[in-house]
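Reader: I'm new to this one. Could you pick a single part and walk me through it closely, then show me what lies around it?

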Number of protein chains: 2
Amino acid sequence: MLSQITLEDIRPIAIGAGILGTGGGGNPYLGGLHLASIIRELGPQSMLDPFALQDDALVCVAGNIGAPTVSIEKLPEGTEMLRALRLLEEHIGRAFDAVAIAEIGGANSMQPVIAGLLAGIPTVDSDSMGRAFPEIQMSSFLFDGGVTVAPYAMVDAADNAAVVPQAVSDLWGEKIARNIAVSMGARAGLVSTIMTGAQLKATGVHYTMTLAHHLGCQVLAAQREKSDVPEAVANVLDGQVIFHGKISDVDRRVSKGFARGGVRIDSFSGADRLAIEFQNEFLIAFINGEVAVTTPDLICIVTEEEGEPVTTELLRYGTRVAVIAVPAPPQLKTGVALEVVGPGAFGYDVEFRPLPGGVIGLASSL
Amino acid sequence: MLSQITLEDIRPIAIGAGILGTGGGGNPYLGGLHLASIIRELGPQSMLDPFALQDDALVCVAGNIGAPTVSIEKLPEGTEMLRALRLLEEHIGRAFDAVAIAEIGGANSMQPVIAGLLAGIPTVDSDSMGRAFPEIQMSSFLFDGGVTVAPYAMVDAADNAAVVPQAVSDLWGEKIARNIAVSMGARAGLVSTIMTGAQLKATGVHYTMTLAHHLGCQVLAAQREKSDVPEAVANVLDGQVIFHGKISDVDRRVSKGFARGGVRIDSFSGADRLAIEFQNEFLIAFINGEVAVTTPDLICIVTEEEGEPVTTELLRYGTRVAVIAVPAPPQLKTGVALEVVGPGAFGYDVEFRPLPGGVIGLASSL
């Protein structure tokens, strides 16, 4: 397990989390620049084994909320995570002992590292998705009902702030947070989902920062060795490369605080076609019109040669890519979880057929 | 001055505030039913002369935020004002001594009475508009910069809640509150604009509850005497009846938390036409294509025979109406105020030409 995050770890984490983000989570390159500037100032950040947490430790979750497309145009002020964390501490009248990861995908893998560093508390090597999802109720921390997304605190770059002390459900918590995020320019810092150490241990998808880092290192090694990088990615994640081709169409719009749309990829021979639909994250993939992969399994797009993640906001006509299907962590595949993160939750009248196997959340020994 | 509000006062206040609301502020009939149910349970509510407030008394402002069109379909749970008030007290760690009126228009004239009754504190006979406006930064309490709309608290019928501890400006406070209100179904209870007694005395539009009550009583008297009711309304408010006619077209939609649109009224002879545009409230009136009245002066529509207020959500093809132009209170006509509530603030490239005279906010002796 990664015991700390140094400057050298940022590049592999950006790659690994970019791939695990399934298109979303915010631009990992920009997130990496931000984290690097903080580490240069304050030094490395301590990562905590989730099972080293005291059962009664108080943990919060930190991340950005909004549309990834916006995050590459509207840069953060830099202290959003700290300000949201302090605001929530003030609201509940207690200090947090550690900060956990909302989603290991994209720049949101790094926000809890930034939050912990600035607040002087460790970051727990555990997230609630093992990937990224567009909405805040889509979190394994919440699935057993013992933890709720509210109370939560949000801030923007300009020092607007909001606290939601309670919501009638986590879905309502999402609706309110989303509209506040829209007011804040479709990008805001969010600290939420207060839980104990015991609750985190029971519900988290563990060691995903370590996994992201390991994945990134393997990608960099495969790049150096000039071996098949997409294949290396699939190997690390127990997934499979399901398509090679060139992006032939992108339909992307920012709507109601999300990046929504679809991408079409034509095989190099032109004989086959893969279509993916997304809401911040890639949700469903069709090959020649047939469903090939659906949420919560991961649909990852990487560049064909370098195996670098291609996130939603970077989809561009003509890019040569490989598409990798990766089995979701087990926490996302229970009946309760599938109601929140399965195809039906996104309006697809399609049954979830899980890909076999999977390593996300199980990789404690990396 | 009205020293308390009893069951008998509700009908005249509903009429008077309905007229002063210039189309907005929420349906006064439904607001009246709600207030009546609370007075029946808890007795009359004490009204406080603004100048009887201690200088260091702590005052908040209470009202509904949303689209009036929605307020006739989505009824309140009933304790929104109290819950929002308590939430804000909890946030600042102090209790309020009295509650003031955000806007004297429509049902929002009654919300601070309900808030005060439920919280056990008096309601101050002072509002911040002398009418209704669609946005929360359009408040005389805020114009001199000593008071801000945030921190504020919002709740909905289902027990969702939000606190905004700070906003970079009152306009940003409005943007965030509006989107939260949209999440809450375009109708939410809002308690905001914390100030001292001294600040309220310096910035409020005073005795407007008394004025609304007096206006309603005069309307009822004119109805009984079968005299010209619209003319009676104009007399009480130092305004003038500028048009008689029949509603010939209504364009109304709920958009981004507001009721927006326009209404066309044709004179009974068919020779003249009056057009009004609205955003919750009537903002600008054109007679035969020429600007006749603009915000902040009041454009009031009443039924031709009974002189009852016709609010935005009740505009209907075929209704016979009179349109009355009323001079705005002086607090809305300063240079600073006109930047926030003048025609330009609503996107109209038209100069404000104030109607002469006016009594709103000056009527302490009623």
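Author: Let's take helix α9 of chain B, residues 229-237: seven of its nine residues are buried, so this helix is largely enclosed by the rest of the structure. Buried here means under 20% relative accessible area, with exposed over 50% and partly exposed in between, using a 1.4 Å probe and protein chains only. Helices (H or I, at least four residues) and strands (E, at least two) are DSSP runs, numbered from the N terminus. Keep in mind that this is a predicted model, where local features need pLDDT of at least 70, side-chain atom pairs count only at pLDDT 80 or more, and totals for chains, interfaces and linings use all residues. Residues are numbered from 1 along each chain as its sequence is written, chains are lettered from A and ligands numbered from 1 in the order in which they are written, and side-chain values use heavy atoms, leaving out hydrogens and water.

Which residues of α9(B) are buried? They are Val229(B), Pro230(B), Ala232(B), Val233(B), Ala234(B), Val236(B) and Leu237(B). Around them you'll find helices α1 (7-20) and α8 (208-224) of chain B, along with strands β11 (240-255), β16 (298-303) and β17 (320-326), and the buried residues pack against these. Contact, by the way, means heavy atoms within 4.5 Å.

Now the two ends. At the start of α9(B), Asp228(B) has a side-chain oxygen that comes within 3.1 Å of the backbone nitrogen of Glu231(B). After the helix comes Asp238(B), with a positive phi near 60°.

Elsewhere in chain B, have a look at Gly105(B), which sits in the loop between β4 (98-101) and α5 (111-119). Gly105(B) is buried as well, with a relative accessible area of 0%. Setting aside neighbours within four places in sequence, Gly105(B) touches residues including Ala17(B), Leu20(B), Arg131(B) and Ala132(B).

Finally, step back to the pair of chains. Chain A superposes on chain B by a rotation of 180° with 0.0 Å of shift along its axis (RMSD 0.0 Å), so the two copies are related as by a two-fold rotation axis. Where they meet, 20 residues of chain A are in contact with 20 residues of chain B. Of the interface residues of chain A, 100% are also interface residues in chain B, so the copies meet through the same surface.

Technical notes
Least-squares fit on C-alpha atoms with pLDDT ≥ 70 in both. Polar contact = N/O pair within 3.5 Å; in protein donor to acceptor, adjacent residues only side chain to side chain.
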